[in-house]
Amino acid sequence: MEKDLMSKIISLCRRRGFIFPSSEIYGGFGSGYDFGPLGVEMKNNIKQAWWEEMTRKQENIVGLDAAILMSPQVWQASGHLTAGFADELVECKKCHHRFRKDFLKENKCPDCGGELTPPRKFNLMMKTFVGPVEDEAAGTYLRAETCQGIYLNFLNVLNSMRLKIPFGIAQIGKAFRNEITPGNFIYRTREFEQMEMQWFCRPQEADKFFDYWKTQRIKWYLGLGIKKENLRAVEVPEKERSHYAKRQIDIEYKFPFGSPRFGGEAGWQEIEGIHNRGDWDLSNHSKHSGQDLKYFDEETKEKYFPYIIETSAGADRSFLTFLIAAFHEIKGGRTKTTKAVKEEEVVLRLDKRLAPIKVAVLPLVRNKPELVKKAREVYQMLKPYFTCQYDELGSIGRRYRRQDEIGTTLTLTIDFESLKQEDLTVRDRDTMLQERVKIKDLIEALKEKLEK
Ligand code: GAP
């Protein structure tokens, strides 16, 4: 049943232009997925909602967009090139398939039952070359976490923006990890996007801010429609923490697929990490770069490495979370107006901030030129204000279902009354209630519905 749900969601994503497999015409390439026309709108909306929350609404958090390619010394200093950022890999001696050891239930190949090699550490950094010569000197890595660019710019941002501790720097961007076993659709991929905020504070205030940001981040998911019972925060024991973390809490969502980690509880999987990174990053970058990254506190007259509280969310995992939470299948359909046997109906109950299409414009029928003309005029009028779609193909009922399936918040219909009264109906996706609105008042009325 649960597996069935995931295949329905994956099929919807492909059919309706949310997500496509990468490099499909070449047989696929197991590193990531491509976000289609509706997927890119929805992902941008998620990133926008995060940016609003983590920068615009805050007094003391500023943004950054650092380069993906950095000096290889960065990854030496951060600890990512050592065993700290490696998974244990085992290989089947018979079929040569490779697995993460902590994802295996038994000490034999899950594909053919063959004997496995002893585990060896496999570093997740993706290597690349910069410039025309492919030798060691030109080698560097695609960033494995976006936050390192923030640490490198700690002084630049502090000085140019005249900030005082505590303050934060936020960034959204791509990260890359050579995952041994990508899987569960966009849950674990080799190329993905992170939304990270680094909060620089006095060491003695780190615990207080850790709890504060944990609460704020949980509220963000709840505020965008995730149910309380499907979200939890788990304290990560010391031996399982990331190499830089003094304390770590994983925010987890109850997914319809099991945890690949042997011993992990089925369903519950990480979507965001809250980390107290202490002075790990600034002190190591100071040591390796020879630059003094300490902060002078004018109030206490002390010089110290600020502690960092990090909130690290995945844009793709958030996408999957919101998509699964919004997916509702209604057996027999919702409309009660005809007695005909109805098929299953899908409604994507996305928060209006996340829905890829806010407004759809439909002429009641497409073989009446005056209705089509009016509908196209309304569509052109709304386009600069809202993400809109115009649809005239198929019966009106079918078109409503098509819009419900992609989560369109409001659907407008131009009918014969519209021609006489200069108005149209506005249908709400979730209640299916329809209301007549004058075309001259439409933009304000829609703003009111979509933005309040
Ligand atoms: N800077 C801290 C950091 O990167 P992390 O727990 O390794 O922490 C943070 O990653 C978030 O990034 C995860 O909670 C997840 O949402 C996302 N993420 C990590 N690896 C991912 C992968 N292979 N595919 C998709 N998202 C991933």
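Student: At what angle do helix 2 and helix 8 pack, and how far apart are their axes?

Tutor: Two packed helices are described by the angle between their axes and the distance between those axes. This is a predicted model, in which local features need pLDDT of at least 70, side-chain atom pairs count only at pLDDT 80 or more, and totals for chains, interfaces and linings use all residues. Residues are numbered from 1 along each chain as its sequence is written, and side-chain values use heavy atoms, leaving out hydrogens and water. Helix 2 (residues 37–56) and helix 8 (residues 315–326) pack at about 105°, with axes 10 Å apart; axes are lines fitted to C-alpha atoms, for helices over the stretch in contact, and angles run from 0 to 180 degrees between N-to-C directions. Helices are DSSP runs (H or I, at least four residues), as are strands (E, at least two), numbered from the N terminus. Helix 2 is therefore roughly perpendicular to helix 8 (65 to 115 degrees).

Student: Which residues in helix 2 meet helix 8?

Tutor: With contact meaning heavy atoms within 4.5 Å, G39, M42, K43, I46 and K47 in helix 2 meet residues of helix 8 including F319 and F322.

Student: Which residues of helix 12 are buried?

Tutor: An α-helix has 3.6 residues a turn, so residues three or four places apart point the same way. In helix 12 (residues 442–451), L442, I443, L446 and L450 are buried (under 20% relative accessible area, 1.4 Å probe, protein chains only). These buried residues fall within an arc of 90° seen down the axis of helix 12, so they line one face of the helix; the arc is that of the directions from the helix axis to the C-beta atoms. Among the elements covering them are helix 9 (369–382) and strand 22 (423–428).

Methods:
Parallel < 35°, antiparallel > 145°, perpendicular 65-115°, else oblique. Buried < 20%, exposed > 50% of the residue type's maximum accessible area, 1.4 Å probe, protein only.
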